[in-house]
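Hi everyone, thanks for coming. Let me put today's structure on the screen, and then we can walk through it together.

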Amino acid sequence: MEFPDIVQVMTKYLAETPLNRVNELGIKRIFEDPLVGLAAADDPLFFKLKEPEVIGERHLLPTDWLPEAKTVISYFLPFSVEIRRANYQPGLPAREWVYGRIEGEECNNALRRHVVEEINRAGGKALAPVLDPRFSVVEKRSNWSERHVAFIAGLGTFGLSKSLITQKGCAGRYGSVVTSLPLKPTSRSYEEVYQYCTMCGECIDRCPSGAIKKEGKDIRVCSQYLDTKIKPFFYPRYGCGKCQTAVPCEHSIPQ
């Protein structure tokens, strides 16, 4: 199985699975076609993630998840125009957005499993870290960061809101699969962590919690807002995404 085969497997699955729709709201697609990148399992940046000022020692390496790991497949699932535009209004998030956040992640998990199954069927070994029993989150920090992995795989750079800005913007979800397949890594067309962000500050104005400032984003303030304001209103769903919609980096790299 080669890189184009993996992209085709993912694209076909998203086009056909009923999990990529929300019939209750008449949403025909939660996610558009994926953006996919590859990173070598021994890329030095994976070791850098273990430094205290990045994520920390508890962040596991690809070979910690799968000893035979050669490649990490990382992907970005852009939200459809329908979901993004519904969230343009100020105040509470749109129902379409919170459905995209929760039902969308169920679709994302199914996609992770599907990619793993297809690689195993082709004779390789594969594992999705966030679906593994060893995956954990402590004080808002996980032992496998999908966004940081996407940065290493060349998909994009971080923005002021801590979203990752890709060629297809920042409004969407991320996923990854660690595999024994020896695939050629995709190139990183950037050198700086925030290279694609213009620091325009529009996400600051869009953030209803006040978590984003010129100095950066306070994850604790964002989480408290979701827990106290959003979850009770939309339970069992939640989400916000105001900083990812109606901003220059929503669906492309800002100029």
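Before anything else, a word on terms: helices (H or I, at least four residues) and strands (E, at least two) are DSSP runs, numbered from the N terminus. Please keep in mind that this is a predicted model, where local features need pLDDT of at least 70 and side-chain atom pairs count only at pLDDT 80 or more, while totals for chains, interfaces and linings use all residues. Residues are numbered from 1 along each chain as its sequence is written, and side-chain values use heavy atoms, with hydrogens and water left out.

Let's begin with the sheet. Two strands pair if DSSP finds at least two bridges between them. Here an open sheet of 4 strands runs in the order β1-β2-β8-β3, with antiparallel pairing. Which strands stand at the edges? They are β1 (35-40) and β3 (126-127), each with a single partner strand, so one side of each has no neighbour in the sheet. Between β1 and β2 (residues 71-78) there are 6 bridges, and Ala 39 stands opposite Val 72 in β2.

Now the helices around it. Contact means heavy atoms within 4.5 Å; axes are lines fitted to C-alpha atoms, for helices over the stretch in contact, and angles run from 0 to 180 degrees between N-to-C directions. Helix α1 (residues 3-16) lies across β1 and β2, at about 145 degrees to β1. Helix α5 (residues 95-121) lies across β2, β3 and β8 (172-179), at about 20 degrees to β8.

On to aromatic rings. Rings of Phe, Tyr and Trp (its six-membered ring) pair if their centres lie within 6.5 Å; planes under 30 degrees apart count as stacked, over 60 as edge-to-face and the rest as tilted. That rule gives 9 aromatic pairs. In one of them, Phe 31 and Phe 79, the ring centres are 5.3 Å apart and the planes at 20 degrees, so the pair is stacked. Phe 31 sits in the loop between α1 and β1 and Phe 79 in the loop between β2 and α4 (81-86), so the pair ties together parts that are 48 residues apart in sequence.

Last, two backbone details. Most residues other than glycine have a negative phi, and most peptide bonds are trans. Met 199, in the loop between β8 and α7 (202-206), has a positive phi, near 55 degrees. A cis peptide bond joins Tyr 235 and Pro 236, with omega about 10 degrees, and Pro 236 lies in the segment after α8 (219-234).
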